Amino acid sequence: MTSSFKNGLWIWDEIYNGLAFQPKDVVQRIPSRLSRISTGTISVTGRKNMEGEIRVMDTVDTYTQAKFKKHYQRKVKLVDVEVATIQDVKDVAIFTSKLDDLFPEFITYFHTVCVDRFLRSMIVYFQYYLQVWNKMQLRRKEAGRKLRQPIVTELENEVRDNLADLRSMVSRNYAAILMGIGDAKKFHHMNNKNNDSLSDRDRRIFETLIFLTTKVVWIALFRKNFSLIEKEINRLLRTFNFSPIEHYGKTKLEDTPEEQRVLVGNAFRSEKKLLHRSPAIQQIIFDDHDYQLLSIGLNDIPGADQRIRYLEIAYAAPEELLVQSRIAVGVLGVERKYLDVMLKPRNISTTVKRTSVMKIGEFKIPPKSSSKHRLISDTLSNCPCKYQESHATKTARAAQCKKWRLYLEMGGVITSELSEMGSAHTIQPSLGPSSILRN
């Protein structure tokens, strides 16, 4: 009997930390000039056409990394602190995506303040969500051997409320995008002269946003638990009824009823299928949240307690303050010297503990204030948030947006290399990972 592994080769898949078989016919379609890039891929579901799954190239060799660093990595002035920012994560996510799955209009949309707030709130939410999920997996076997104590329910309720508060920030920023608030207005589906709903364009933007949001969160959280991140993002933005992860059985991750109660929360409602609101929107409609929490990043919060101050830094402060404040939000705020070009941890000397530079600790939310005598204003402050975007951040966002639009319009060709290739009278494809998948 002929072996099914005869025509192909084995490669190391860094996503799943194991060997993966690559059929020979796929390898032959890769141009020799692009052979420096590994063919290790992962499939990201969430397309309206489930047969055409988005494939992600994440294993990039040193030559391609040098090209990315020279032409597309965010430039930092000598006087500025060189730390990983949300823009750096977006750059890596775009560079390791297939060109055919992106379009110039989405690049502009992806580089708006509203989307940046949404992505950062997603990273913060999953930073804590994955901590909770990992602890639940460790406790699962132990819980099967012991009787459930009342104190366990109280502790779970506290964790459930923390997740609900973090989820409400995702809801606030997602609702701002849906309603076209701020710089997201020009991308609203009703923003046209005829006042018609541009549903096809809106659906294309939505599908691409889910795909890149999954990548951004996964990259920012050190490329771990991809399937879990994908499942939860689809649940939040699509509902259980329309999630391809649930419908097509793309994941084997199942939770117990007790775990579901903590991870899903009290705000979830089972509504009619065609009128079902996404859990992200249900969270802000059906649950009660502190108005001071929902004003983080928008208004100043006088008299805020330790919990609100902690979350204010996590959501609104510049990335360089995260490490100084001992707040763990993935790679955000980590100095670039500890990361490679693709934002993966570098090999650190054995004389230095990796945890001292790469892991600040868990995302520990301070408990809610129980003081009954704390003075709380009935109205929001008119003063803006004390943490504002710097001029360097705004300039970098505009510059990177221009670079990536040009990257797509040129079909992945690095414009500065055109003069070098002019003598050959041909334009070679870029060494970006996306060019592999077009062949």
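The following legends describe close-up views of a predicted model. Local features are reported at pLDDT of at least 70 and side-chain atom pairs at pLDDT 80 or more, while totals for chains, interfaces and linings use all residues. Residues are numbered from 1 along each chain as its sequence is written, and side-chain values use heavy atoms, with hydrogens and water left out.

**View 1. A salt bridge joins K90 and D116.** The structure holds 21 salt bridges, a salt bridge being a side-chain nitrogen of Lys or Arg within 4 Å of a carboxyl oxygen of Asp or Glu. In the pair shown here, the N to O distance is 2.6 Å. Because K90 belongs to helix 3 (residues 86–95) and D116 to helix 5 (residues 113–143), the pair ties together parts that are 26 residues apart in sequence. Helices are DSSP runs of H or I with at least four residues, numbered from the N terminus. K90 is buried, with a relative accessible area of 0%, and D116 is buried at 9%. Here, buried means under 20% relative accessible area, exposed means over 50%, and partly exposed lies in between (1.4 Å probe, protein chains only).

**View 2. R140 forms a salt bridge with E259.** The closest N and O atoms of this pair are 2.6 Å apart. The pair links distant parts of the chain, since R140 is in helix 5 and E259 is in helix 10 (residues 257–264), 119 residues apart. R140 is partly exposed, with a relative accessible area of 32%, whereas E259 counts as buried at 6%.

**View 3. The side chains of E335 and K337 meet in a salt bridge.** The N to O distance is 3.7 Å. E335 is partly exposed, at 36% relative accessible area, and K337 counts as exposed, at 53%. Elsewhere, salt bridges that share partners join R74, E82, D88 and R336 into one network.

**View 4. Helix 7 spans residues 199–220.** Its 22 residues reach 31 Å from the first C-alpha to the last, close to the expected 32 Å. The expected span is 1.5 Å times one less than the number of residues in the helix. F222, which follows helix 7, has a positive phi, near 60°.

**View 5. K386 lies in a loop between two helices.** The loop runs between helix 15 (354–358) and helix 16 (391–409). K386 and A316 are 70 residues apart in sequence, yet their C-alpha atoms are 8.9 Å apart in space. Leaving aside neighbours within four places in sequence, K386 is in contact (heavy atoms within 4.5 Å) with R309 and E312.
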